[in-house]
Amino acid sequence: MAFKQHSVLPGFGLSLGYTLLYLSIIVLLPLTALVVKSSDLTWPAFWAAVADPRVIATYKVTFGASALAATLNLFAGLLLAWVLVRYPFPGKRLIDALVDLPFALPTAVAGIALATLYAPNGWLGQYLEPLGIKVAFTPLGIVVALTFVTLPFVVRTVQPVLQDLEHELEEAAASLGATRWQIFWKVILPMLLPALLTGFALAFARAVGEYGSVIFIAGNMPFVSEITPLMIISKLEQYDYLGATAIAVVMLGVSFALLFIINGLQWWSAKRLGRRK
Amino acid sequence: MAGAINNTPRSVVTTESRPVRYLLTGLALLFVGLFLVIPLLSVFVEALRQGWKLYLAALVEPDALSAIKLTLLVAVISVPLNLVFGVAAAWAIAKFEFRGKSLLITLIDLPFSVSPVVAGLIYVLLFGAQGWWGPWLSDNDVKVIFAVPGIVLATVFVTFPFVARELIPLMEAQGSDEEQAAMVLGASGWQTFWRVTLPNIKWGLLYGVILANARAMGEFGAVSVVSGHIRGLTNTVPLHVEILYNEYNFVGAFACASILALLALVTLAAKSYVEWRSARLALEDQRNALNDQ
């Protein structure tokens, strides 16, 4: 097979060449530099940098908080998508547009707003404080910030699938005697599953790397509420470039693994929906 | 992209009872209120807490002004760079069949999955004092890290995929029949692009630019690593917000944050408008196709 199929349109060499050149300069070369730089470290030194107890604690906080935030958004996102697609209510367009706010609002702004709201004397914090719930400057604050930042993912992956779902399937199930709950559980949910998982994985991947919104509300206490991206920054501030590089390589590895999983999920999603048509 | 919204009632067997509907809608609105509306409102309330005078004073202060200028400069450079790249990549990927295409698409999406902090770090490793080209750069008196070029590079990285990923599916769906017709009728390659392709993709292009611009002006993590936080020189608005906040200058921090929040609202409005326009165009196309038959 030839590299490229014949076409009458011009500009293939120019556009592909420019794409590859620009991609290499901006993305591939710098990422390669990261991996090459980490090879300056011997294995024991690399291991000491990435398996330091304080760094291990940041993995637990980062992955734990990201999983919690993504799970919360799995339910809230399904609920929001469901209500937006199926129920009429006033102000729906506005709410629909507002769902994308976390993508449009700079993370630092979200960070200081949430930190102020959930501080013990803040709008929301003052009601939570008497209940013994501390949000700001605790790991719970990290979950709140990550929930905000990743809120749109599940909604926006589930919404189009729910929109295209055929009424006939539900009508058929109803006419065969299924209750509404059975229809949701056995007909609708299996159709939504790939989209739900894709949204969850996208939210999780974004949450793991998030920095700006988290650092203001987290309090950044070692072993308690430090996230992994912050470790990279603090290593850099101590001019420990190799230490920062080692942790960054671990994070990059996680990003690649998640990207691989997300691609697989999207392929599964496309296949499942394609078969129904 | 948000799906089209319909408000048509559904048949009785395919919807829930009224109390359940009200309960679910109420829960969804509560969640939106708690997680989106209140944080957004709080930015403006905190900014205006001590009145308009202090609010305006915080915005026209020299460090704030230079941060605003730098943010605009960075967006003006990085968005067009990614715009040209996005069009070139979409042309190659959508109009031609070649091997390794899906790998290329994955690589283009890569910056979205890389943590912003890692994105900043990779440029420090290349251009920083300890980096590959650091010694050469300092010999020739070129500053990249802790200077504007580094901020631009980091911003280009984090906004890299926006235009391309908007255009690729759009141009793939449109196919290349119209371009082929133009070529057969004697148009040159550039004429075909300017007169046939560009009008077809303009709304998708605008959509990608709006999103890339919002991210470029608001990026924090990547820029924070490469900027060096030099007041009046290498502070963008988000970094300026951080400094003021950490100095307990809350009015100043929220005043600058409120400009970014306004930018976010403008972005959402523009995005909704573009979605509405392109949905209407698609509908018109469908109607025309039906009339032709």
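Contact here means that heavy atoms lie within 4.5 Å of each other. With that in hand, welcome to this predicted model.

Let us start with one residue, H240(B). It sits in helix α12 of chain B, which covers residues 237–246. Leaving aside residues up to four places away in sequence, H240(B) touches E61(B), D63(B), A64(B), A67(B), N235(B) and C256(B). Is H240(B) buried or exposed? Its relative accessible area is 1%, so H240(B) is buried, as the word applies to values under 20%.

Next comes a whole helix of chain B, α5(B). From its first C-alpha to its last, this helix of 12 residues reaches 17 Å, close to the 16 Å expected at 1.5 Å a residue. How many residues of α5(B) are buried? The count is 12 of the 12, so α5(B) is largely enclosed by the rest of the structure. Among these buried residues are P116(B), G120(B), Y123(B) and F127(B).

Over in chain A, a pair of helices meets. Two packed helices are described by the angle between their axes and the distance between the axes. For α6(A) and α8(A), the axes come within 10 Å and cross at roughly 135 degrees, which makes α6(A) oblique to α8(A). Their crossing is right-handed. The residues of this contact comprise six nonpolar, no polar and no charged. Here is who takes part on each side:

| Helix | Span | Residues in the contact |
|---|---|---|
| α6(A) | residues 107–118 | A110(A), L114(A) and Y118(A) |
| α8(A) | residues 139–149 | V144(A), A145(A) and F148(A) |

Key
Residues are numbered from 1 along each chain as its sequence is written. Chains are lettered from A and ligands numbered from 1 in the order in which they are written. This is a predicted model: local features need pLDDT of at least 70, side-chain atom pairs count only at pLDDT 80 or more; totals for chains, interfaces and linings use all residues. Side-chain values use heavy atoms; hydrogens and water are left out. Axes are lines fitted to C-alpha atoms, for helices over the stretch in contact, and angles run from 0 to 180 degrees between N-to-C directions. Helices (H or I, at least four residues) and strands (E, at least two) are DSSP runs, numbered from the N terminus. Angles under 35 degrees count as roughly parallel, over 145 as roughly antiparallel, 65 to 115 as roughly perpendicular and the rest as oblique. A crossing is left-handed if the near helix is turned anticlockwise from the far one by less than a right angle, and right-handed if clockwise. Ala, Val, Leu, Ile, Met, Phe, Trp, Tyr, Cys and Pro count as nonpolar, Asp, Glu, Lys and Arg as charged, and the others, Gly among them, as polar. Buried means under 20% relative accessible area, exposed over 50%, partly exposed in between (1.4 Å probe, protein chains only). The expected span of a helix is 1.5 Å times one less than its number of residues.
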